[in-house]
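Hi,

Here is the structure I promised to pass on. Have a look at it first, and then read my notes below.

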Amino acid sequence: MIIVPYVTGYLSEHYADDDFRTLSAYKAKGGFEGLKKALAMEPEEVVEIMKSAGLRGRGGAGFNAGMKWSFMPKDTDRPKVLVCNGDESEPGSFKDRLIMERGPLQILEGILIAAWAVGASKAFIYIRGEYKEPIRCLEAAVKELYGARLCGENVMGKKGFNIDIVVHSGAGAYICGEETGLLESLEGKKGQPRKKPPFPAQFGAFGLPTTVNNIETFAHAPYILDRGVDWFRGFGTEKSPGTTLYGVSGHVERPGLFELPLGTPLREVIGHAGGVRGGRRLKGVIPGGMSMPILTPNDIDVPMADEFLSERGTHLGTGGVMVMDETTCMVRVACVVSYFFRDESCGQCTQCREGTGWINKICERIEQGRGTQQDMKLLEDVPAMMEGQTICAFADAAAWPIQGLMRHFRDDFEAHIREHKCPYPESFEL
Amino acid sequence: MVTITIDGKEYEVAERRTILQAIDDLGLLMTEVDIPHYCFHPKLAVDGSCRLCQVEVEGLPKLQIACDTPVRDGMIVKTANQRVKDARKGVMELLLINHPLDCPICDQAGECKLQDYSFDYGIESARTQEPRRPAKKNADLGPTIVFDQERCILCRRCVRFCREVPKTGELGVFHRGDESVLELFPGTQLDNPYSMNVADICPVGALTTKDFRFKIRVWFLDDQESVCDQCSNGCNIYASRSNNKVYRYLPRRNDAVNDTWICDHGRMSYKQILENRLTEPGIKGQRDVGYRDAIQEAGRLIREARTSSRRIVGVASPYASNEDLFTFRKLLEALGAGPGTFAVQRGEADDVLIKAEKAPNANGARALGFEESYESVGAADVAIVLGHTTTAEYFRDVANLILIDTHVSSLMDQAAVVLPARVTAEKEGTFTNHANRVQRFLPVVEPKFEAWSDGDLLQQIASASGLGGWDSMYSVHEISKELTESIAAFADLQLGSLDDQGRELS
């Protein structure tokens with residue numbers, strides 16, 4: 001069992017309680033009040049409330065969730081689909097797993113609210129294949145909902161509100177977390193992102209109008225509907241309201257997940273994890289999962305919300321905070337990062353397929369002490385060839401961390417080239 | 001229609017098309033508007049993955065792929081500024097990091113888009129020191145195609161072709177990232193009636209046909225327009241020739257007939273130009289007679305039949321051109337022999353290109369008044385026969401058979417006179433396809449022995465028969481003129497006025 005140190009907020013308040021996963025305990029803690037209130041409103045009102053709440057998608061891109069719901073076509077007879085993205089694969093991110101394991105009914109209630117708001121009749125929860133326990137938890141919760149007539153036909157006695165929920169296990173690929181890669185995979189095809197337009201709201205799962213939201217995004221919705229926009233906006237910043245589950249990992253004393261308002265200073269977030277291990281000095285922090293550019297100790301007081309992080313050339317992403325202390329070889333970091341993206345590129349677009357592999361080879365060459373000044377030039381040029389030129393944002397995600405490492409830790413790279421070896425004794429063999 | 005501006009020049013294009021499609025519709029892609037591309041093919045679904053066709057569209061912050069960006073009225077596109085050039089250079093450099101630089105031993109050299117675009121848009125020297133990704137060499141994909149995996153740039157044209165055109169879907173891209181490889185699906189072979197088209201659409205030397213591979217360097221070849229004569233579809237082709245020899249047929253684009261495809265059977269039919277040809281004239285089984293003697297003998301037989309008012313019949317061939325058939329019709333009229341007949345073999349058809357009628361010009365024969373018949377011609381003194389489709393059975397009761405044919409056949413033994421004729425690739429003319437589209441074909445090679453077109457032989461026979469008005473020979477262009485003036489359906493379809501796309505009968 002995962003012990004969750006509850007800090008503040010609402011999502012993880014009852015996560016230490018095993019029973020919170022059952023319908024009776026969930027209802028006793030106020031569960032399904034949000035759905036009840038939503039069903040008393042017109043769907044358009046629900047969308048408007050979500051829009052004004054300003055809940056930003058928690059999957060990494062941070063787009064206004066209510067706005068996304070409003071993109072669903074209204075004047076159509078075609079069935080509409082909701083997809084809940086539980087393919088959490090970003091290295092450094094593990095918040096969705098916790099929500100699935102400890103608060104599955106929060107997610108399901110959020111899905112039901114969204115289904116009412118956009119008029120969806122089918123919802124798929126796509127969960128990465130390695131997440132056996134989350135899959136089990138959600139399957140159990142969905143079964144309980146069907147038994148209680150909280151999904152299926154005429155949900156909560158509301159005539160004509162029919163929604164089926166299907167838990168779908170992925171087969172393990174980072175790119176299936178990209179929303180159109182996910183849709184391809186859901187349809188049984190190779191997980192490769194689609195060209196956009198058309199966007200999923202026009203042509204989504206099985207060609208039907210579709211909205212895709214992250215696990216955590218759905219989990220926030222019941223609280224917004226139940227407790228109101230003003231209450232929700234009491235957490236976080238003007239542009240990034242609400243709390244989130246920051247996942248702190250790496251060189252800290254107590255890695256873990258901490259629910260805190262958006263905009264909490266980075267220093268405080270790391271503080272909840274007990275600070276840098278062994279009293280060592282901080283060297284760098286990746287603020288939002290591995291695809292986000294790295295921050296330096298100078299940025300330690302930045303408020304952890306996207307509008308502040310983007311001023312520093314990075315993003316909140318999924319809120320996966322990876323802490324690195326002074327013993328870290330940043331070239332080694334570049335090797336690990338570039339290996340991951342080389343391995344996970346779907347291989348459609350030229351720049352991403354070829355560029356990720358090339359960057360990885362160059363980084364490994366430098367780490368092994370065989371790098372040259374031309375390699376430094378290539379590490380500037382190749383990410384630039386990839387950025388912003390492909391079907392999906394994966395190439396950006398592969399290019400940005402390398403650009404960030406080169407920007408802030410160029411000395412580490414130069415030292416490898418100068419000394420023809422890795423200057424960090426603790427940096428292990430490739 | 002909408003107006004778009006590309007590099008300062010305005011173009012009227014159709015709505016609901018992408019930039020590349022719209023420019024391709026105008027026939028200007030890579031002739032006037034240079035937007036290099038690999039994965040885009042005008043007859044396949046848009047893929048959008050090679051990213052080479054990126055252009056700048058005013059008002060949009062990122063570069064856009066021209067293959068998938070819909071045109072808008074007033075859209076301003078830039079295809080040649082520094083930003084676009086840099087992006088192309090990037091794509092070209094990345095495509096080459098895993099591609100062998102062995103053009104001198106690659107069979108695609110000379111018609112390779114990677115080679116061409118590298119010269120036009122690429123980098124001067126390689127910046128890689130890593131070995132190329134290991135890959136299969138000379139892999140057998142099936143009866144027709146060989147695959148050099150290391151040369152593949154993963155544009156997936158072949159994958160989409162197999163899915164969309166023959167709908168057989170044998171090929172796929174497997175694995176991920178820089179380990180992605182084109183492969184056959186397990187347990188399949190690339191063995192469909194259109195398989196060899198993948199070699200045409202492969203922009204590099206990855207897919208080549210077993211038939212053409214390493215036969216000749218392509219810069220020794222020149223391409224002559226022709227029409228395939230293997231069924232009534234009349235697919236437009238190029239015949240690639242060198243030193244009076246045809247090395248291959250390639251599809252020639254005609255959106256009304258065959259898009260950019262031909263079937264494998266049609267493609268391989270170039271071999272019929274040399275195989276099993278009827279090379280010598282003959283009189284009653286005697287093979288060493290001269291051309292002149294054989295024609296004189298045919299003329300004598302016809303003269304005698306006419307003198308004694310015995311029956312003469314004509315049997316045409318659906319392989320003969322409109323012009324040759326018109327000459328035949330005129331000859332039969334002059335002999336008072338009544339309308340000729342013809343027969344056409346039928347076989348399997350599909351809904352892609354292959355038609356049931358296994359000859360190019362059955363509709364031409366119909367339009368020129370020949371009657372389709374599958375019965376014996378009955379008792380006759382002389383039958384003048386354009387060969388290829390009829391059998392000995394038809395001529396059970398014929399005393400003297402005058403056979404004009406291109407290939408060795410069982411009819412030869414029965415014939416009083418045998419005259420070798422030219423095949424399609426050795427003459428000029430037109431065919432009328434299944435949809436009544438009249439299409440021209442040009443001479444590709446000269447026969448390696450003395451042979452004449454059906455029409456020329458018929459003119460000479462007419463002259464030898466002593467018919468008035470047949471003493472001077474008319475060229476195929478003169479005959480075409482007379483044909484189009486005298487038969488209403490062929491009006492405006494004169495050989496010299498037809499372009500390379502053909503036109504329908506009126």
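Before the notes, one term: a polar contact here is a pair of N or O atoms within 3.5 Å, where within protein one atom must be able to donate a hydrogen and the other to accept it. Keep in mind as well that this is a predicted model. With that rule, seven residue pairs are in polar contact across the interface of domain 1 of chain A and domain 2 of chain A (both at pLDDT 80 or more). Two elements, α5 (95–102) and α9 (215–227) of chain A, each supply at least two residues of the side of domain 1 that touches domain 2. The largest share of that side is from α5(A), with three residues. By type, the side of domain 1 that touches domain 2 splits into five nonpolar, five polar and five charged residues.

Now a step back to the domains themselves. The domain assignment divides chain A into domain 1 (18–233), domain 2 (243–325) and domain 3 (330–419). For domain 1 and domain 2 of chain A, the C-alpha centres are 27 Å apart. Contact between them involves 15 residues of domain 1 and 19 residues of domain 2. They bury about 1,300 Å² between them, with 60% of it on carbon and sulfur atoms. On the domain 1 side, A:E90, A:F94 and A:K95 lose the most area to domain 2, together 33% of what that side buries. There are two salt bridges between these domains. Separately, A:R56 and A:E307 meet through their side chains in a salt bridge (3.7 Å, N to O).

A:K95 turns up again in a salt bridge with A:E216 (3.1 Å, N to O). A:K95 is in helix α5 of chain A and A:E216 in helix α9 of chain A, so this pair ties together parts that are 121 residues apart in sequence. Are these two buried or exposed? A:K95 has a relative accessible area of 2% and is buried, and A:E216 is buried too, at 0%.

Another salt bridge in chain A joins A:E178 and A:K196 (2.5 Å, N to O). A:E178 is buried, with a relative accessible area of 18%, whereas A:K196 counts as partly exposed at 26%.

On to the two chains. Chain B brings 33 residues to the contact and chain A brings 36. About 2,800 Å² is buried between them, and carbon and sulfur atoms give 45% of that. In chain B, the residues that lose the most area to chain A are B:L94, B:R127 and B:R176, together 27% of what that side buries.

How many salt bridges does the rule find across the interface of chain B and chain A? The count is six. A:D343 forms a salt bridge with B:R176, with the closest N and O atoms 4.0 Å apart. A:R342 pairs with B:D178 in a salt bridge, where the closest N and O atoms are 3.1 Å apart. That pair crosses between chains, from helix α13 (residues 330–344) of chain A to the loop between β8 and β9 (181–184) of chain B. Here A:R342 is partly exposed, at 22% relative accessible area, and B:D178 counts as buried at 7%.

The interface of chain B and chain A also has 21 residue pairs in polar contact (both at pLDDT 80 or more). On the chain B side, α2 (82–96) and β8 (171–174) each give two or more residues, and α2(B) has the largest share, six residues.

Cheers

Definitions and conventions. Residues numbered from 1 in each chain as written. Chains lettered and ligands numbered in written order. Predicted model: local features only at pLDDT ≥ 70, side-chain atom pairs only at ≥ 80, totals over all residues. Heavy atoms only, no water. Domains from an automatic or database assignment. Contact = heavy atoms within 4.5 Å. Buried area = accessible area lost by both parts, 1.4 Å probe. Polar contact = N/O pair within 3.5 Å; in protein donor to acceptor, adjacent residues only side chain to side chain. Helix = DSSP H or I, 4+ residues; strand = E, 2+ residues; numbered from the N terminus. Nonpolar A, V, L, I, M, F, W, Y, C, P; charged D, E, K, R; others polar. Buried < 20%, exposed > 50% of the residue type's maximum accessible area, 1.4 Å probe, protein only.
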